[in-house]
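Biologist: I have a structure open and want to learn how to read it. Can we go through it together?

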Amino acid sequence: MKEIKIAVIGCSGVGKSSITMQFLHNFFLEESDCTLEETYRKQVNLEGEECILEITGIALVYSTISRRSFEAIESYRDAVLKAMLPGTSVPMLLVGNMSDITELREVGKKEGEDLASSWGIPFLECTAKRSEDCIAVFMRLSSATVLSEIPRKISELEKQFSGVKWYKMSAKGKLRKSIKALKNEQSCRETRYELQGLESELTKLNSCDGERKDLSVDPSSLSEDMQRLWLDRDTADVTIMVGSLPFYCHMAVLYLRFPAMFKQILPTCRVYNVPQRVCSSSVVFSVLLRHVYTGEIPEKLHPDLIPTIISTAESLNLAPLADKLRRGSAQTFEPTAIDWDLDRLLQSLNSGANVTVKTTGKIFTLHRSLLQTRIPSYCQMYGVESTITLDVKPEVFSLFVHYVYRDELSASPMSTTTLIELSVLASRHCLRRLSQFCERRIAEEMSQENSNTSRDVILSLYEAGISNASQELRKLVENSAVQSNVWNKLRQSERYKQVVPQNVRAALSVKREEEEARTLQRNTLSKQIQSLRVKTEAVV
């Protein structure tokens with residue numbers, strides 16, 4: 001098995017270890033200690049031949065977000081050249097890492113290409129976050145290493161050939177065949193090496209321009225919100241006393257999740273004393289309330305306490321809690337579906353609603369404690385007002401309320417205008433996750449094959465004021481607008497000049513020119529690749 005040695009060198013902090021770990025273990029190293037020298041080994045298949053790749057160093061790595069590391073890379077190359085024996089050479093590859101961090105870029109791609117060209121070595125930009133990029137770095141350099149050995153072997157055989165006596169025809173014939181085979185291999189490997197570089201460049205070009213990623217959505221905060229509500233005294237509207245210990249509760253939650261307790265409390269009651277025959281232990285009642293609010297059970301419960309909790313839960317019609325405790329240890333319990341319960345609360349009448357929201361055409365009755373818990377800006381915007389007036393369409397506010405109570409965006413069909421208005425309403429109330437849901441749905445509409453749909457979505461976004469959207473969505477809109485199947489329809493639309501500002505239209509025109517240049521580059525690369533493939537087949 002062939003063993004190939006590759007050095008990875010460059011300034012500290014440019015991502016040498018991250019590139020290496022991504023190649024070896026398909027793992028991105030977010031942070032690592034600065035290393036003077038590291039040695040790793042990996043077995044790879046190089047053009048059908050198994051090789052041991054020992055990574056001890058030569059990829060010359062700099063960071064595209066550090067001008068200092070780029071300027072210093074020449075000194076590293078000079079140090080390598082000085083350390084080499086006279087008459088020897090070693091394949092090198094210039095690598096610009098962190099190419100994904102475009103907003104902090106200090107070194108342009110052309111600068112890297114020009115430097116590599118002046119040294120007569122290949123150049124690649126990559127990000128250690130992408131496994132394909134790191135594989136391309138090491139496989140490209142491995143191919144160059146194997147290729148660099150062939151001229152030396154040919155030179156040795158030619159020396160042997162010249163030293164054989166003229167009359168030893170058999171020996172000369174064997175050497176001649178070996179030299180011819182090596183030259184044929186060299187030609188084939190050179191073609192494959194060139195092909196490998198072009199294919200890598202085309203793949204990267206396609207991934208940058210054509211890849212559509214779903215816009216990210218933050219994890220649900222419903223569980224944390226309900227946990228906070230359980231501990232929130234300020235929004236509580238009833239105090240339940242168990243012995244001398246008070247528990248601050250919310251009638252809306254009791255109505256929905258603890259009906260047996262809700263029925264015992266009069267609507268005008270602000271303090272309720274639990275009879276000892278119902279529950280005499282504050283510890284037991286605390287477990288019951290925690291389950292009511294969060295669906296959870298404490299991880300560690302004393303075994304002697306469990307029978308009491310079960311009997312109390314059964315007497316208060318909390319059968320799910322009793323069943324969970326009978327089935328096994330608390331660590332294996334799954335939370336109950338709080339979102340479904342909250343949805344029932346939204347649909348219920350006489351459920352303790354204490355806030356009236358007037359929209360343009362419809363009145364909503366909601367629960368202040370839940371609104372204060374789920375909407376970060378509620379208290380600052382509305383305080384303790386019992387009547388709120390909003391200049392918003394009823395269908396938009398209905399979707400807003402659906403999210404507050406259910407923690408999800410409704411699956412019902414929505415127009416782009418509705419999604420935009422809902423996203424604006426969510427942003428105004430600091431509901432970032434709802435805005436992300438809206439933007440993801442808008443992106444899905446825009447990614448459809450129908451260019452008319454994409455055009456209409458884009459124009460609606462600009463008409464509503466795209467400045468309110470996230471940077472990810474704005475970038476996606478710009479990329480979609482300059483695609484060939486959308487651009488012409490977009491510019492032909494009468495609304496284009498009306499809703500898209502002049503400076504934005506100019507920027508989109510420049511971006512379209514760049515897209516056309518990339519398309520031309522892709523077509524050129526595709527033709528070169530096809531030609532090289534034909535040549536490779538002919539050589540083989």
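Biologist: How many bridges join strand β8 to β9?

Modeller: This is a predicted model, where local features need pLDDT of at least 70, side-chain atom pairs count only at pLDDT 80 or more, and totals for chains, interfaces and linings use all residues. Residues are numbered from 1 along each chain as its sequence is written, and side-chain values use heavy atoms, with hydrogens and water left out. Strands (E, at least two residues) and helices (H or I, at least four) are DSSP runs, numbered from the N terminus. Two strands pair if DSSP finds at least two bridges between them. Here 5 bridges join β8 (residues 238–242) to β9, and the two run antiparallel. Val238 has Cys249 of β9 as its bridge partner.

Biologist: What is the strand order in the open sheet?

Modeller: The order is β9-β8-β10, with mixed pairing. β9 (245–249) and β10 (271–273) are the edge strands, each pairing on one side only.

Biologist: How are two packed helices described?

Modeller: By the angle between their axes and the distance between the axes. Axes are lines fitted to C-alpha atoms, for helices over the stretch in contact, and angles run from 0 to 180 degrees between N-to-C directions. The axes of α15 (residues 394–406) and α16 (residues 416–428) come within 10 Å and cross at roughly 55 degrees. Angles under 35 degrees count as roughly parallel, over 145 as roughly antiparallel, 65 to 115 as roughly perpendicular and the rest as oblique. α15 and α16 are therefore oblique to each other.

Biologist: Which residues of α15 make the contact?

Modeller: Contact means heavy atoms within 4.5 Å. Val396, Phe397, Leu399 and Phe400 of α15 meet Thr418, Glu421, Leu422, Leu425 and Ala426 of α16.
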